[in-house]
Amino acid sequence: MNGADDRAFMAQAIALGARGLGRVWPNPAVGCVIVKAGRIVGRGWTADGGRPHAEPQALAQAGALARGATAYVSLEPCAHHGKTPPCAEALIAAGVARVVTALQDPDPRVAGGGHALLSDAGIAVDTGLMEDEARSVQKGFLCRIGLGRPMLTLKLATSLDGRIATSSGESRWITGPEARRRTHLMRARHDAILIGAGTARADDPVLTVRGIGASRQPVRIVAARRLDLPRDGQLARSAAEVPLWLLHGPDAPHVARDQWTALGARLIEVPQSEGGLDMTAAFQALGALGLTRVFCEGGGALAAALIGAGLADELAMFTAGLALGGDARPGVGALGLTALADAGRYRLEELCPVGGDVLSRWSRV
């Protein structure tokens, strides 16, 4: 097998793993390809809910052809006994001759243990192939393991001058239908959607993935310090069917807590910070609950709080071809910056037209 073949098969494993984004948390979205004599004989990716894992699915498809084959896996096979047996042991039992991985799993329960099991069994192990590409897919999982919180994508839909609504609050629709469809695709690739209480009151959103045949809905999260949300709105009416988590402060009234709990919402108390919720603490709480990828569609105040706390890992900005003026509402609220050096920098990852709008994707430097 030459290097070009290895890269081609690993690229397929990484792409297969990406199919699980938004549906496998708290597990990583892993892909596996089994190759025998230059031909793919088995494929698998982490199933919805996190199991079964990619490797046993690919091995089951390969059957007896797995013996003597090469397995390409986008993340180190697990080595610990959890709700499923270790994938490294499954590869050994199947008789594969070689395992190629993109990344070592930083989870302390694995952390090289899978590679060691394979090597000890006499299987050739190569790792680090297409590591950057695999890291991009695993960014949320790696963030949760390394920092204790999910990664955050902050989505903004603005005018050319960075406004998200007129001075009266009208915002539907600044961007076109193609941008809104792309937003639903982005929602589907995240574990949860986050908004603030102001957006929940003003827009009465349902925050589900629609129009693309989604098989699993993200968790809906609302940051509402005092739980002052409409209890007759779409979020309340659907709380028992689609998960709804409410981030609130210690001063949230107990009556409101009881009412939202009765509706089916999950309440998460977090500390306050300068009159609002401590978003750093909130994201640590979300990480502890297993979330790896959060998509924020909130207003300017929430965007500013997240950027100011250093939590916005990626920006997804849809820009429409109109200007709303200085009296319109800004996409990002006040950050209190007095020097350019204090502003966080982002690197452009993608720039493309989406219908009549432009999408730019940025990652924090």
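Q: Is strand S10 (residues 244-248) largely enclosed or open, and how many of its 5 residues are buried?
A: Buried here means under 20% relative accessible area, with exposed over 50% and partly exposed in between (1.4 Å probe, protein chains only). Strands (E, at least two residues) and helices (H or I, at least four) are DSSP runs, numbered from the N terminus. S10 is largely enclosed by the rest of the structure, because its buried residues number 5 of 5.

A quick note on the model: it is predicted, so local features need pLDDT of at least 70 and side-chain atom pairs count only at pLDDT 80 or more, while totals for chains, interfaces and linings use all residues. Residues are numbered from 1 along each chain as its sequence is written, and side-chain values use heavy atoms, leaving out hydrogens and water.

Q: Which residues point the other way from Leu244, Leu246 and His248 in S10?
A: Leu244, Leu246 and His248 point one way from the strand, and all the residues on both sides are buried. Pointing the other way are Trp245 and Leu247.

Q: Which residue in S11 is the bridge partner of Leu246?
A: Two strands pair if DSSP finds at least two bridges between them. S10 pairs in the parallel sense over 4 bridges with S9 (residues 219-223), and also over 4 bridges, again parallel, with S11 (residues 266-269). On the S11 side, the partner of Leu246 is Leu267.

Q: Are helices H3 and H4 roughly parallel or roughly antiparallel?
A: H3 (residues 87-94) and H4 (residues 113-120) pack at about 20 degrees, with axes 9 Å apart. Axes are lines fitted to C-alpha atoms, for helices over the stretch in contact, and angles run from 0 to 180 degrees between N-to-C directions. Angles under 35 degrees count as roughly parallel, over 145 as roughly antiparallel, 65 to 115 as roughly perpendicular and the rest as oblique. So H3 and H4 are roughly parallel.

Q: Which residues in H4 do Ala88, Glu89, Leu91 and Ile92 of H3 meet?
A: Contact means heavy atoms within 4.5 Å. Ala88, Glu89, Leu91 and Ile92 in H3 meet Gly114, Leu117 and Leu118.

Q: What is the relative accessible area of Asp105?
A: Asp105 sits in the loop between strand S4 (98-101) and H4. Asp105 touches several residues beyond four places away in sequence, including Leu75, Glu76 and Phe141. Asp105 is buried, and its relative accessible area is 5%.
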